[in-house]
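Trainee: I have a new structure to read. Could you walk me through some of its features?

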Amino acid sequence: LSAVRSRLRSGFKRRLLERMDGVTYGRGEDKKLTKEIEKYGFKLRVPEKWYLDERYAEDNFIWIHAFSPNRLIFVYWEDEEREGITRDAMLDLRDSLAHEFYEGDTLYRPLTTAGPYFFRGNQAVKLEGVWQNDSLVADGRVITGGGPMISFAFNEEGRFWMVDAMLFYPDTPRKKIFWLNQLEVILATFEPI
């Protein structure tokens, strides 16, 4: 019975993401930006009205983002495959990258899961959960920000990759699901060259 449930859930998710692909790219793809990203050794289809931030490209870290709501996708790579792509190592790596490049973000570990997964046919570690940042200050007060995230870490084409998506949308969880699915559709277009 659980195997049937799992297959049904997987099929439903696949069909949902196929439909989300049409919604995500329905307004168009930013083909110029999509092509520009290829200089880093991978492809990623970028929808219209997304922006590229290359400030940290020398550190093998770039991100694209969109507003209303705030959606961010980063790609980090190492020029050699990495051994020890374990749950704990990837949680720590994701925290260190986000801390360095996203102004102190960290994973909220009690609400984050990590485990084996297949991404693009490769063994990967999938992180899924909540990011937070309690170092934001406004009007002299500390404000905690956060939201859902999803990340995949894997080796492919002689490199180690981490592709990550996060959402900041202070609304009910039900309304966040649409945007999370959109982020997952974009991540699914990732392909090393």
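**Reading the backbone, strands and a helix**

Mentor: Start here. Pro69 lies in the loop between strand E3 (61-66) and strand E4 (70-78). Keep in mind that this is a predicted model.

Trainee: What joins Ser68 and Pro69?

Mentor: The general idea comes before the case. Most peptide bonds are trans, and most residues other than glycine have a negative phi. Here, the bond between Ser68 and Pro69 is cis, with omega about 0°. Ser68 also sits in the turn of the E3–E4 hairpin and has a positive phi of about 55°. That hairpin has 3 residues between its strands.

Trainee: In which sense do E3 and E4 pair, and over how many bridges?

Mentor: They are antiparallel, over 6 bridges.

Trainee: Which strand pairs with E4 over 9 bridges?

Mentor: Strand E9 (residues 159-168) does, again in the antiparallel sense. Look at Asn70: its bridge partner in E9 is Phe168.

Trainee: How many of the 9 residues of E4 are buried?

Mentor: In a regular strand the side chains alternate between the two faces of the sheet. In E4, 8 of the 9 residues are buried, so the strand is largely enclosed by the rest of the structure.

Trainee: Where is Lys49, and what is its phi?

Mentor: Lys49 is in the loop between strand E1 (42-43) and strand E2 (51-53). Its phi is positive, about 70°, although Lys49 is not a glycine. Lys49 is exposed, at 65% relative accessible area, because the cut-off for exposed is over 50%.

Trainee: Where does Arg120 lie?

Mentor: Arg120 is in the loop between strand E6 (113-119) and strand E7 (122-138). Its phi is near 60°, also positive in a residue other than glycine. Arg120 counts as partly exposed, with 35% relative accessibility.

Trainee: Is Asn133 buried or exposed?

Mentor: Buried, at 2% relative accessibility. Asn133 is in strand E7. Its side chain makes a polar contact with the side chain of Asp105, at 2.6 Å.

Trainee: What span should helix H4 have?

Mentor: An α-helix has 3.6 residues a turn, so residues three or four places apart point the same way. For length, count 1.5 Å a residue: the 15 residues of H4 (residues 173-187) should span 21 Å. The end C-alpha atoms are 21 Å apart, which agrees.

Trainee: Which residues of H4 are buried?

Mentor: Among them are Lys176, Trp179, Asn181 and Leu187. Find these on the helix and see where they point.

Terms used: Residues numbered from 1 in each chain as written. Predicted model: local features only at pLDDT ≥ 70, side-chain atom pairs only at ≥ 80, totals over all residues. Heavy atoms only, no water. Helix = DSSP H or I, 4+ residues; strand = E, 2+ residues; numbered from the N terminus. Expected span 1.5 Å × (residues − 1). Buried < 20%, exposed > 50% of the residue type's maximum accessible area, 1.4 Å probe, protein only. Polar contact = N/O pair within 3.5 Å; in protein donor to acceptor, adjacent residues only side chain to side chain. Pairing = 2+ DSSP bridges.
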